[in-house]
Amino acid sequence: MAAEQLEPRELYDPEQVRRVVENLEDPETKAILYLAWETALTATEISSLRWQDVDLEKEKLHVDWREIPMSKEMTEFLREKSRKGTYVIKSRKGDMTPMDRVSVSRKARTVLDASGLTGATLKRLREERILHMMRTNTVEQVSRVTGCDKGWLRTLYKKYMGGEAPTHAERRMVGVSDQTLLQALAEEGDCVETRAIF
């Protein structure tokens, strides 16, 4: 008997997810959903994210060895969010204590249940973001940003999209693009090293 071929399914509409996130009143839940949807962080990573890991000037998060870009909207939200305490997501126990990952997931689930997003959970929202990323980025790039194993990424794509990851997602990166290089040089400023690279 032939293996069952899955039909590719529709991914969550990014605009719909954005509306759900932006309409939230509670800043902690809003931050949790922003982090899951925009940066594909796990509940544990969201729970333990510290303000020192957030670079609002460069619009990036630093999680372990990863450097994760943030959107303008998320950056502005975090800029305006109260930065009292150590952790981005505040715990009821105090400003020096992170909210545990179970509470992070539960807070998200409460909102997602009422959002109209089918079967939404924090884990599913993260997987959706990863699948969206794989449509326009290589497996290597997505692995670098999410910290996910490349084999697991291909398996996730096959499970939900009903086939192999597209060829653009299999391409190996030989170097960096001119745009990426120019941006990095501009951030470093004028010095002997950047002139040599130019």
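Predicted model: local features only at pLDDT ≥ 70, side-chain atom pairs only at ≥ 80, totals over all residues.

Residues are numbered from 1 along each chain as its sequence is written, and side-chain values use heavy atoms, without hydrogens and water.

First, the helices, which are DSSP runs of H or I with at least four residues, numbered from the N terminus; strands are E runs of at least two. Helix 1 (residues 14-22) and helix 2 (residues 27-39) have axes that come within 9 Å and cross at roughly 155°. The axes are lines fitted to C-alpha atoms over the stretch in contact, with angles from 0 to 180 degrees between N-to-C directions. So helix 1 is roughly antiparallel to helix 2, the term for angles over 145 degrees. Helix 1 contributes P14, V17, V21 and E22 to the contact, and helix 2 contributes K30, L33, Y34 and W37, where contact means heavy atoms within 4.5 Å.

Next, salt bridges: a side-chain nitrogen of Lys or Arg within 4 Å of a carboxyl oxygen of Asp or Glu. The count is 11. E57 and R79 form one, at 3.6 Å from N to O. This pair links distant parts of the chain, 22 residues apart: E57 is in the loop between strand 1 (54-55) and strand 2 (60-63), and R79 is in helix 4 (residues 72-80).

Finally, E15, R18 and E22 are linked in a salt-bridge network.

Definitions and conventions:
Parallel < 35°, antiparallel > 145°, perpendicular 65-115°, else oblique.
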